[in-house]
Structures are given as structure tokens and as C-alpha cells.
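Work through the exercises below with the sequence and the coordinates open. Each task is followed by a solution in steps.

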Amino acid sequence: MTRYRALTNVLLRYDLRDWATLIFTFLFPAGLLVALVLTMGDSIEGMDLTGPISANVMAFGAAFVGIFAGATHLALWRENGMFVVLRSFPISSNTVIAAQATAGMIFLIAQALALFGIAMALGMTPEATAPIVLLPLILGFLLFFMLGVLVGIILPSMAGVSMAAVAIIIPLGMIGGAMMPIETLPSWAQTAAPYTPIYHMREAVTMPLIGEGTWGDVGIGLGYLVAVTAILTLMAQRAMKWK
């Protein structure tokens, strides 16, 4: 077994036993989806908002998984001394990042399937192109994962990392339109929304999932996610590199 596979398996086993990870990966976004559909799904007369709300929550859930997958393992390793152990082994920092990302991505795919099933049960009608949704979800996950890695490197404690991750993801989710329709936000937030990653995740998810928007929006969203992810990946690699 390669070092990458061994480390990935260790991370997966840890996450499967960690109640906080399971709650925030599955229960929190599922509860958010149900609550938003039940309270806002028919808030506009003549329109069923179940589909757009489902796309929004799927994008937000992927971002949530990403930032915590990138940040919390590093913070835990710093607190329990695992960083020192890893540095003493012939394992590169890139292998550590790749194993973290792989473990998180497995949780992401499971979360996306669970949210898709719940959305269908709530009345969402998906398009035949719905499987394409995995592409922007994975790209968005990687963007926030790399951001999480930077947070985990910069901050010295698990408590600090958790607070910073929440402080980043909740405002971005609000401004990006994942938790409230952009039209209901203040004018400054509507102006800022197109510059946020969750906004572009939503744009890239909505068209293939429910057929609303344009494929041009999808292309712009994917391009934004690729460009920002590439920049954050370079920053994370330089910040974490010890070999």
C-alpha cells in the first residue's frame, strides 16, 4: 500500500468516527435544505423554488465540506504532535494534501448524493444533465479545501481554525446567494455576489441540475473556480512544503 493510500485510509477512518464531521457533512446541509424548501419553496406565487434552493444548498454543502476538510486535520495534527511525526517520515507535503483532499472528496460525493435524494423527495425535477453537477461541486470543494489548508497552517489551534472556517463560510454563503435569494440581499451584497466563489458554484450547478440559467453562466462559473483553485493550490503548497 502506498503512503498516499495509507494516509487516505487513516483520514477516512478518523472522519467516519468523528461525530462533528458526520453532523456537519450530512445532517446540517440536509436540515438546511428541508428547512429552506418548507419555508421558502412556495414563497413566490406561481413559482416552485425547490430546484433553485436545492442547487444553492448543494453548492454551500460542498464549500462547507471543503474548508473543514482542509483545515481541521492540520489543526488536529499540530495539537497532537502528528506534524512532527509526518516530518520525520519520507512523505511529502503534497502527499499529505492529496490524501486530505481525497478523503474529503469521498465525503463530498456522499453528501451530494444524499442531498440529491432529499431534493427529489421534496419535489425537485432534475434535468438529464444532472450528473454534470459533480464537476462544479468538486472544483468548489477543492477551492475551499485549499483555503482551509491555508487557515489550518496559519492558525495555531483547533478552536481557532473552526471559528475561522465558520466565519469565512457563513458570510460567503449569505453573500453568494446560497442561503437567501440574492434579490433579497442589500444592494452592496448584490454587487459583491458575483465576486464570491459560492455564487459561481451555484451558477455552475443550477443549469445542469434543473435547467435554469445559461450554459454561458456555467462556463464562466467553471472558469472562475479553476482559476481561483489554481492560485490557492500554489499558495497552499508553498505554505505547507517541508520537503
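Predicted model: local features only at pLDDT ≥ 70, side-chain atom pairs only at ≥ 80, totals over all residues.

**Exercise 1.** In which helix is the place of S54? State whether S54 is buried or exposed, and list its contacts.

Residues are numbered from 1 along each chain as its sequence is written, and side-chain values use heavy atoms, with hydrogens and water left out.

*Solution.* 
- Step 1. S54 is in helix α3. Helices (H or I, at least four residues) are DSSP runs, numbered from the N terminus.
- Step 2. The relative accessible area of S54 is 1%, so S54 is buried. Buried means under 20% relative accessible area, exposed over 50%, partly exposed in between (1.4 Å probe, protein chains only).
- Step 3. Not counting residues up to four places away in sequence, S54 touches L33, A119 and M124. Contact means heavy atoms within 4.5 Å.

**Exercise 2.** Describe the setting of Q111.

*Solution.* 
- Step 1. Helix α5 holds Q111.
- Step 2. With a relative accessible area of 2%, Q111 is buried.
- Step 3. Leaving aside neighbours within four places in sequence, Q111 is in contact with T25, F26, P29, G61, A62 and V65.
- Step 4. Q111 and A71 are 40 residues apart along the chain, and their C-alpha atoms are separated by 19 Å.

**Exercise 3.** Locate I91, and find the separation of its C-alpha atom from that of R3.

*Solution.* 
- Step 1. I91 sits in the loop between α4 (82–88) and α5.
- Step 2. I91 counts as buried, at 7% relative accessibility.

**Exercise 4.** At what angle do α3 and α6 pack, and which residues meet?

*Solution.* 
- Step 1. The angle is about 30°, and the axes are 7 Å apart. Axes are lines fitted to C-alpha atoms, for helices over the stretch in contact, and angles run from 0 to 180 degrees between N-to-C directions.
- Step 2. α3 is therefore roughly parallel to α6. Angles under 35 degrees count as roughly parallel, over 145 as roughly antiparallel, 65 to 115 as roughly perpendicular and the rest as oblique.
- Step 3. Residues of α3 that meet α6 include M58, A62, V65 and R78; on the α6 side, F141, F144 and F145 are among them.
- Step 4. By class, this contact of α3 with α6 has 16 nonpolar, 4 polar and 1 charged residues. Here Ala, Val, Leu, Ile, Met, Phe, Trp, Tyr, Cys and Pro count as nonpolar, Asp, Glu, Lys and Arg as charged, and the others, Gly among them, as polar.

**Exercise 5.** Treat α1 and α3 in the manner of the previous exercise.

*Solution.* 
- Step 1. Helix α1 (residues 3–17) and helix α3 (residues 50–80) pack at about 95°, with axes 12 Å apart.
- Step 2. α1 is therefore roughly perpendicular to α3.
- Step 3. L7, L11, Y14 and D15 of α1 make the contact with H73, L76 and W77 of α3.
- Step 4. The classes are 5 nonpolar, 1 polar and 1 charged.

Terms used. Helix = DSSP H or I, 4+ residues; strand = E, 2+ residues; numbered from the N terminus.
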